[in-house]
Amino acid sequence: MAAPDLMERIVNLCKRRGLIFPSSEIYGGFRSTWDYGPIGVLLKRNVKDQWWRSMVQLRSDVVGLDAAILMAPRVWEASGHLETFTDPLVDCRACKLRFRADDLAPSGACPNCGARGTLTDARPFHLMFKTFVGPVEDEASVAYLRPETAQGIFVNYLNVQTTMRRRPPFGIAQIGKSFRNEITPGNFVFRTREFEQMEMEYFVPPEEAGRWFEYWVQERFRWYRDLGIPEDLLRVRSHEPDELSHYSAATADVEFAYPWGWGELEGIANRTDFDLRRHAEYSGQDLSYYDQEHDRRYVPYVIEPAAGADRATLAFLLAAYREEEAPTADGRTEKRTVLRLDARLAPIKVAVLPLSRNERLVPVADELAATLRPHFMIDTDSAGSIGRRYRRQDEIGTPLCVTVDFETLDDKAVTVRDRDTMAQQRVPVAELVEHLRGRLGG
Ligand code: ATP
C-alpha cells in the first residue's frame, strides 16, 4: 500500500474505532495533541505492560520507580538541559512559519511556501516547558515539565541503591509522561509535545559499559521483534560522533520503517558517568559506589534504553495493519481490514457475540461474558449482522470471538473464531476459559 494511504488509513481507523482521537476535538483540535480512546488506552497500556514485564518483572537486576514530573530546577542545571536542550530553529520571512533547521532540504527553499532566500539563520530554541510553582509568578518559582523521565531516576539513584541493597550492574526502570516544546510536531503520535517514555537506566562498573551497551541494543531490538514487528521493518542505526548528545559516548537507535521512512523508536545510549557526576557536583552528595570486593570506589556508568510508548504503539499498529480479501458466508469474497496484533498487545482479547439479538441468546451471552471478564479483557456486541461484528473485532485486532447460537442453548458449547485464519471451532462452555487461555498464550 502506498505510504501516505497507509498512514491515512491508520489515522482513520484509530478515530473510527475508538483508538486515538484528536485532542479537544469539539474545539477544533489542539496543536498535534492526541487522546487515547477506550480501545487505544488498552493497546498502549498493553505496550507499557509488556515493556514493564520484560524490563522489571522478568529480571532480577532491575527495579521500578515512578518519580514526579515536576522536579527541583537545579536538576535541569545539573543535567545540562537548561544549557543545551535546544533544537536549531529557522524562520521563513515570507510565510512566517518556523522549522527545525535539521529538517530542511539542501536546496534551502522554504518547505512550506517554497520561497528561496527567505529563511533566517538557525538559532537555538529551548524545548523545555516552563511553568510556575505556587501563587507567585516570579523567577524564584520557575519550574519545568520534565523533558525526559531519566533525571527522576538519577536523582533517586542513591535512595534506590541503598534501600534495595543493589550493587552494579543493576537498573531502574520508569514509565511516564515527558514534555518537549517540539518546533514541528507531526506524523500523528510519532512526534508530539506531550508523550510517554519507557526508560531504564542501567548502572554498571565503568569498564563494563561497552559490553552492556551492546547487550541492551540486542535486547531491545529483540523485544520489538518478539512482539510481532517483522525484522525487515526494524533496524539498528549507530549515531555518528557529531550526532551524539552532550552526555553520550555511544548511541544506537532502534528504528522502524514508518510510512514516511526510517524513524527512531528507541535510543540506547552509553551516558557514561556524566549524570551521576553532575548530580554529585550540583547536590553535594556523594553518588559514588564502594566496591567492597575489589576495594575500590567508582561512579557507575549508565546504559540507557529510552523508548517511546506512543511511537511503539504506532509502530505495532502499522506493522499489524492488513487489508485482505475474505470469504463471506454466502460464498462471495469481501474486503476485510484486520490488525494482526500479537495477542499480548490486543486491546480486547475475546469478544462475546450472540448470533443475533434474540431474547433467548442475549442473556446467555451476557452471562458468559460475565464469567470470562475476570480472566480476559472482554467486549460484547449484539448490534448488526454477525459478519459485520466479526469485521469490527478484526479491525481492532481481537484475536478470538466467541459466538453464542441456538445450539448453545442445547449443547452448552460455543463457536470460537480465530481472527487470522477465520477458522471456527466448537468448544464446550465448561472448557472455555482453559481453551481461550491456551490459544491466547502469555
Ligand atoms: P527525535 O530525534 O525523534 O526527536 P530523540 O532522540 O530526541 O528523538 P530521545 O531523547 O532519545 O529522543 O527520547 C527517547 C524516546 O522517546 C524516543 O526514541 C521516542 O520514542 C520518544 N520520544 C522523544 N521525543 C518524542 C516526541 N516528541 N513525541 C513522541 N515520542 C518521543
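## Ligand shell

Strand 13 (261-272) contributes four residues to the shell around the ligand, the most of any element. Strands here are DSSP runs of E with at least two residues, helices are runs of H or I with at least four, and both are numbered from the N terminus. At least two shell residues each also come from strand 10 (194-204), strand 16 (301-308) and helix 9 (309-320).

There are 16 residues around the ligand, and Phe195, Gly267, Ala306, Gly308 and Arg311 come nearest. A residue counts as near if its C-beta atom, placed from the backbone, lies within 6 Å of the molecule. By class, the shell holds eight charged, four polar and four nonpolar residues. Ala, Val, Leu, Ile, Met, Phe, Trp, Tyr, Cys and Pro are taken as nonpolar, Asp, Glu, Lys and Arg as charged, and the others, including Gly, as polar.

## Model and numbering

The model is predicted: local features need pLDDT of at least 70 and side-chain atom pairs count only at pLDDT 80 or more, while totals for chains, interfaces and linings use all residues. Residue numbers start from 1 along each chain as its sequence is written.

## Domains

Domain 1 covers 3-70 + 142-316 and domain 2 covers 348-440, with bounds from an automatic or database domain assignment. Their centres, taken over C-alpha atoms, are 37 Å apart.

## Helix 2 and helix 9

The axes of helix 2 (residues 38-57) and helix 9 come within 10 Å and cross at roughly 110°. Helix 2 is therefore roughly perpendicular to helix 9, a term used for 65 to 115 degrees. Axes are lines fitted to C-alpha atoms over the stretch in contact, with angles from 0 to 180 degrees between N-to-C directions.

Leu43, Lys44, Val47 and Lys48 of helix 2 meet Ala309, Ala312, Thr313 and Phe316 of helix 9, where contact requires C-beta atoms, placed from the backbone, within 7 Å. Five of the contact residues are nonpolar, one is polar and two are charged.

## Backbone details

The peptide bond from proline 168 to proline 169 is cis, with omega near 0°. Proline 169 sits in the loop between helix 6 (157-163) and strand 9 (170-179).

Aspartate 295, a residue other than glycine, has a positive phi near 45°. Aspartate 295 belongs to the loop between strand 14 (289-291) and strand 15 (296-298).

How values were computed: Parallel < 35°, antiparallel > 145°, perpendicular 65-115°, else oblique. Contact = placed C-beta atoms within 7 Å.
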